[in-house]
Amino acid sequence: MDDGVRTAPVTAGRKPITPTRVDGLPHLAIECVSPDVDGGRFPIKRIIGDVLTVGADILKDGHDLLAARVRYRSPVSCEWRHVPMAYDYDSDRWTGHITLDHVGRWTYTVDAWTDVFASWRDELQKKVAGEQDVSLELREGAELVDSAARRTRFGDARTALKRAAAGLVDERRPLADRVATALSERLLALMHAHCLPSDLTTFGRELAVVVDRERARYAAWYEMFPRSFSPTPGAHGTFADAERALPRLAELGFNVVYLPPIHPIGVTGRKGANNSLQSGPDDPGSPWAIGNAHGGHFAVDPRLGTLEDFDRFVARAAELGLEVALDYALQCSPDHPWLAEHPDWFFVRPDGTLKYAENPPKKYQDIYPLNFWCEDREALWRACREIIFHWIGHGVRTFRVDNPHTKPFAFWEWLIAEVKREYPDVIFLSEAFTRPKRLKRLAKLGFTQSYTYFTWRTEAWELREYLTELTTPPVSDYLRGNLFVNTPDILHEYLQTGGRAAFRIRLHLAATLSPLYGIYSGFELMENVPLREGSEEYLDSEKYQIRQRDFTAPDSLDADIARINRLRETQRALQLATNLTFHVCENDRMLFYSRHGAVPGETLLVAITLDPHVPQETTVHVPIQELGIGPDEQYVVEDLLTGARFTWRGARNYVRLDPAVEPAHVLRLARGASWVEREDLE
């Protein structure tokens with residue numbers, strides 16, 4: 001019979017004590033240990049500096065008092081350490097807390113035992129209060145204390161325990177003095193330190209938590225194609241050209257610059273403009289068609305420059321406080337060196353040809369998928385791992401992974417574990433626009449962040465439902481959603497038809513709903529023309545051609561982007577992931593939510609319209625109890641985006657938003673000691 005627990009002696013450097021049990025059965029039950037993912041099959045995720053709260057139900061027959069601890073190992077030590085767990089009577093649950101102060105994989109479990117001395121002490125207190133004879137109880141206590149003394153090898157503790165044991169049964173001492181010794185806090189502390197339990201029981205599984213650096217939870221991403229940044233019209237851009245764009249991105253407040261594949265691009269089957277099957281001599285091709293005579297995944301497209309040029313790009317980004325993320329796309333063009341060296345790594349059709357990638361009705365004749373279950377799979381998997389190690393050697397610590405749901409789950413679990421064993425600070429972003437359960441499975445397997453369905457959530461009810469799911473357990477224990485507002489593949493109808501206001505609304509939603517969000521270059525210029533009606537593909541997509549832009553356009557969204565990113569940098573509440581709560585808003589074309597801070601004065605209230613066409617007004621229900629505001633109390637809130645102040649009273653208050661002027665309020669309480677001057681945002 002396996003009830004999820006096992007018994008084990010406490011050693012602590014001493015001779016093991018054999019547990020007292022009947023037929024090897026444990027005395028205690030440890031159940032419902034949390035947090036966990038799928039019963040401990042996968043690790044949970046946290047950020048360095050977080051405090052992990054571990055809970056458990058611990059049960060035993062009778063009235064004995066119990067004790068418990070969280071036992072854990074950090075990534076930098078092989079030794080087990082432990083912290084005590086406390087019992088909460090109201091919830092009938094035990095909890096303990098671990099401060100996660102190193103990046104990497106931690107292990108934890110729960111130990112519990114009968115606190116024999118505390119149980120004896122509790123019974124003694126009750127009998128003394130009932131004025132009963134406690135002579136025998138004192139003798140029993142003396143035996144417990146003497147047993148602990150005999151197991152304590154030497155030192156002041158052993159002497160003190162022996163003296164206490166003798167004092168409990170010394171009938172020359174007044175009974176009140178003997179009872180006082182028995183109930184003293186000093187003796188209790190000595191016994192907790194030196195009384196070894198005979199029924200120590202350990203939860204039947206060791207659970208894991210992967211601790212990542214702060215950038216895994218909080219970042220604003222910017223996706224750019226370096227080839228589109230040449231100052232010469234029509235010319236192919238280089239890393240040096242893209243490097244000159246970095247100061248602007250830093251000024252806009254972005255943290256991560258993401259580059260689509262930078263490798264040589266195949267010639268065979270190369271696509272032309274708008275995914276045409278015919279390419280001209282000047283068509284650059286899709287960067288995701290990786291590999292030609294100049295090399296494959298370990299090389300850079302010579303039109304972009306050299307590896308040294310890339311290194312300079314990474315170094316300059318770091319100087320500006322930007323991190324470079326690279327696309328990790330495990331696929332090959334027909335010209336990739338692997339096709340000649342390892343044809344068995346691909347799918348061979350009955351007619352001897354290799355199978356190209358398809359996502360019907362889409363066809364990718366310029367891309368061949370890898371066969372991850374080929375006979376030589378170990379060599380293939382190692383080669384894929386070496387790609388990551390190669391770019392880590394060039395200063396890259398973040399990878400956006402292309403279509404991971406089309407590769408084996410087992411491969412990703414192996415690869416991510418292999419990489420993070422040596423480089424625990426590496427971040428993997430999963431581009432998994434797939435079914436929800438597959439998206440979640442990839443997150444469980446180790447992906448640090450995940451693309452989401454945010455782009456397709458435009459109504460109030462579905463935004464509330466989806467973001468609540470993402471930011472509360474169990475999903476928030478393993479999945480971090482990155483809310484990209486657009487991508488080279490996704491131009492949602494909302495942006496196609498909503499005009500400038502639609503872009504501003506989606507920007508403010510993404511930046512205030514999640515600590516992770518991103519935009520694809522051109523969003524700030526409100527590019528919104530689809531390939532055809534009903535399509536989410538861009539006309540003249542940058543995936544297939546160079547697309548130079550004038551980022552100095554006077555009507556760009558740069559001012560909005562800089563403002564919201566500056567606000568995110570100054571407001572801790574916008575940097576956390578699980579502090580989102582939606583509140584009542586009496587107009588379903590608007591949303592009202594809060595991002596909780598550590599204290600009420602740090603909590604932000606966000607009101608935003610979802611209608612890009614006409615002004616909307618509503619009554620919002622402010623969580624006044626959480627903010628320490630009385631039911632009829634008057635207070636002032638300030639919009640941190642504009643500086644406007646509003647005097648409100650009680651819970652129900654009026655909001656009007658005109659998308660042509662300001663689509664959102666980000667409000668902070670401006671009252672008493674909780675008020676912080678607006679100058680801290682400048």
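1. A polar contact here is a pair of N or O atoms within 3.5 Å; within protein, one atom must be able to donate a hydrogen and the other to accept it, and residues adjacent in sequence count only if both atoms are side-chain atoms. By that rule, the side chain of Ser230 reaches the backbone nitrogen of Thr232 at 3.1 Å.

2. On the basis of the note: this is a predicted model, in which local features need pLDDT of at least 70 and side-chain atom pairs count only at pLDDT 80 or more, while totals for chains, interfaces and linings use all residues. Residues are numbered from 1 along each chain as its sequence is written, and side-chain values use heavy atoms, with hydrogens and water left out.

3. Overall picture. The protein chain has 16 helices and 31 strands; helices (H or I, at least four residues) and strands (E, at least two) are DSSP runs, numbered from the N terminus. Along the principal axes, the C-alpha atoms of the protein chain fill a box of roughly 105 × 70 × 40 Å. Of the 682 residues in the protein chain, 55% are buried. Buried means under 20% relative accessible area, exposed over 50%, and partly exposed in between, with a 1.4 Å probe and protein chains only. Taking contacts between residues at least 6 apart in sequence, 74% join residues at least 24 apart; contact means heavy atoms within 4.5 Å.

4. Surroundings of Ser230. Ser230 sits in the loop between strand S12 (219-223) and helix H6 (239-243). Its relative accessible area is 11%, so Ser230 is buried. Leaving out residues up to four places away in sequence, Ser230 touches Ala235, His236, Gly237, Asp241 and Gln548.

5. Helices H1 and H5. Helix H1 (residues 116-129) packs with helix H5 (residues 185-194) at an angle of about 155°, and their axes are 9 Å apart. Axes are lines fitted to C-alpha atoms, for helices over the stretch in contact, and angles run from 0 to 180 degrees between N-to-C directions. H1 and H5 are therefore roughly antiparallel to each other, the class for angles over 145 degrees; under 35 is roughly parallel, 65 to 115 roughly perpendicular and the rest oblique. H1 contributes Phe117, Ala118 and Arg121 to the contact, and H5 contributes Glu185, Leu187, Leu188, Met191 and His192. By class, the contact of H1 with H5 has 5 nonpolar, 1 polar and 2 charged residues. Ala, Val, Leu, Ile, Met, Phe, Trp, Tyr, Cys and Pro count as nonpolar, Asp, Glu, Lys and Arg as charged, and the others, Gly among them, as polar.

6. Aromatic pairs. Rings of Phe, Tyr and Trp (its six-membered ring) pair if their centres lie within 6.5 Å; planes under 30 degrees apart count as stacked, over 60 as edge-to-face and the rest as tilted. By this rule the count comes to 33 aromatic pairs. In one of them, Phe411 and Trp414 have ring centres 6.2 Å apart and planes at 40°, so the pair is tilted. Phe411 and Trp414 are 3 residues apart in helix H11 (residues 409-422), and are therefore separated by about one helical turn. Phe411 is buried at 0% relative accessibility, whereas Trp414 is partly exposed at 25%. Ring pairs link a cluster of Tyr328, Phe372, Trp373, Trp381, Phe399, Phe411, Trp412, Trp414, Phe428 and Phe447.

7. Arg457. This residue is in the loop between strand S21 (449-451) and helix H13 (460-471). With 22% relative accessibility, Arg457 counts as partly exposed. Arg457 touches Glu462, Leu463, Tyr466 and Arg506, not counting residues up to four places away in sequence.

8. Backbone points to check. Most residues other than glycine have a negative phi, and most peptide bonds are trans. Ser34 and Pro35 are joined by a cis peptide bond with omega about 0°, and Pro35 is in the loop between strand S2 (29-34) and strand S3 (44-47). The loop between S2 and S3 also holds Asp38, whose phi is positive, near 55°; Asp38 is partly exposed at 44% relative accessibility. A cis peptide bond also runs from Pro360 to Pro361, with omega near 5°. Glu131 has a positive phi near 60°, lies in the loop between H1 and helix H2 (135-151), and is exposed with a relative accessible area of 75%.
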